[in-house]
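Welcome, and take a moment to look over the sequence and the model. The report below walks through the structure one topic at a time.

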Amino acid sequence: MTKDYRDANPGALLGGFFGKDALLAILNQPECVGIRYYYAKDTSGNPTLVLVGAKADENDIVTG
């Protein structure tokens, strides 16, 4: 699947890395049952991903 994406989107953002500590910090928030990701741009204008915790009702955890 990733090869198909790379072939269809040359030069596009291919992925990213989030360390274990960052993932656990999100998941350990009260009421967090999962992680949602958003496409974004970093301070240099480059594409990136942003992760946020999500509650059981699928709303983002915006404090924490």
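## Salt bridges

The count of salt bridges comes to two, where a salt bridge is a side-chain nitrogen of Lys or Arg within 4 Å of a carboxyl oxygen of Asp or Glu. This is a predicted model, in which local features need pLDDT of at least 70 and side-chain atom pairs count only at pLDDT 80 or more, while totals for chains, interfaces and linings use all residues. Residues are numbered from 1 along each chain as its sequence is written, and side-chain values use heavy atoms, with hydrogens and water left out.

One of the bridges joins D7 to K3, with the closest N and O atoms 2.6 Å apart. D7 has its place in helix α1 (residues 2-8); helices here are DSSP runs of H or I with at least four residues, strands are runs of E with at least two, and both are numbered from the N terminus. Because D7 and K3 are four residues apart in helix α1, about one helical turn separates them. D7 counts as exposed, at 52% relative accessibility; the scale calls a residue buried under 20% relative accessible area, exposed over 50% and partly exposed in between, using a 1.4 Å probe and protein chains only.

In the other bridge, the side chains of D60 and R36 meet at 2.4 Å, N to O. This pair links distant parts of the chain, since D60 is in the segment after β2 and R36 is in strand β1, 24 residues apart. D60 is partly exposed, with a relative accessible area of 24%, and R36 is also partly exposed, with 25%.

## Overall layout

Now step back to the whole chain. The secondary structure comes to two helices and two strands, and along the sequence they follow the pattern α-α-β-β. With a radius of gyration of 14 Å, well over the 11 Å that the globule rule gives for 64 residues, the protein is more spread out than a compact globule. That radius is taken over C-alpha atoms, and the globule rule is 2.2 Å times the number of residues to the power 0.38. Along the principal axes, the C-alpha atoms fill a box of roughly 40 × 30 × 20 Å.

Buried residues make up 14% of the 64 residues. The protein exposes about 5200 Å², and carbon and sulfur atoms supply 56% of that area; accessible areas come from the Shrake-Rupley method with a 1.4 Å probe, and for residues only the protein chains shown count as cover. Among contacts with a separation of 6 or more, 28% are between residues 24 or more positions apart, a contact being heavy atoms within 4.5 Å.

## The hairpin

How do the two strands pair, and over how many bridges? Strand β1 (residues 34-41) and strand β2 (residues 47-54) run in the antiparallel sense and pair over eight bridges, with pairing defined as at least two DSSP bridges between two strands. Together β1 and β2 form a hairpin with five residues between them, and in the turn G45 has a positive phi of about 85°. I35 stands opposite G53 in β2.

A54 also has its place in strand β2. Is A54 buried or exposed? A54 is buried, with a relative accessible area of 8%. Leaving aside residues up to four places away in sequence, A54 touches E31, C32, V33, G34, R36, N59, D60 and I61.

## A nonpolar patch

L24, L27 and I35 form a nonpolar patch on the surface, with about 220 Å² of accessible area together. Patches are made of residues with over 30% relative accessible area and no salt bridge; like charges are joined within 9 Å, and nonpolar side chains (Val, Leu, Ile, Met, Phe, Trp, Tyr) within 5 Å.

L24 is found in helix α2 (residues 20-27) and counts as partly exposed, at 36% relative accessibility.

## Positive phi angles

E31 has a positive phi of about 75° although it is not a glycine. E31 lies in the loop between α2 and β1 and counts as exposed, at 58% relative accessibility.

E58 is not a glycine either, and its phi is near 70°, a positive value. E58 lies in the segment after β2 and is exposed, with a relative accessible area of 56%.
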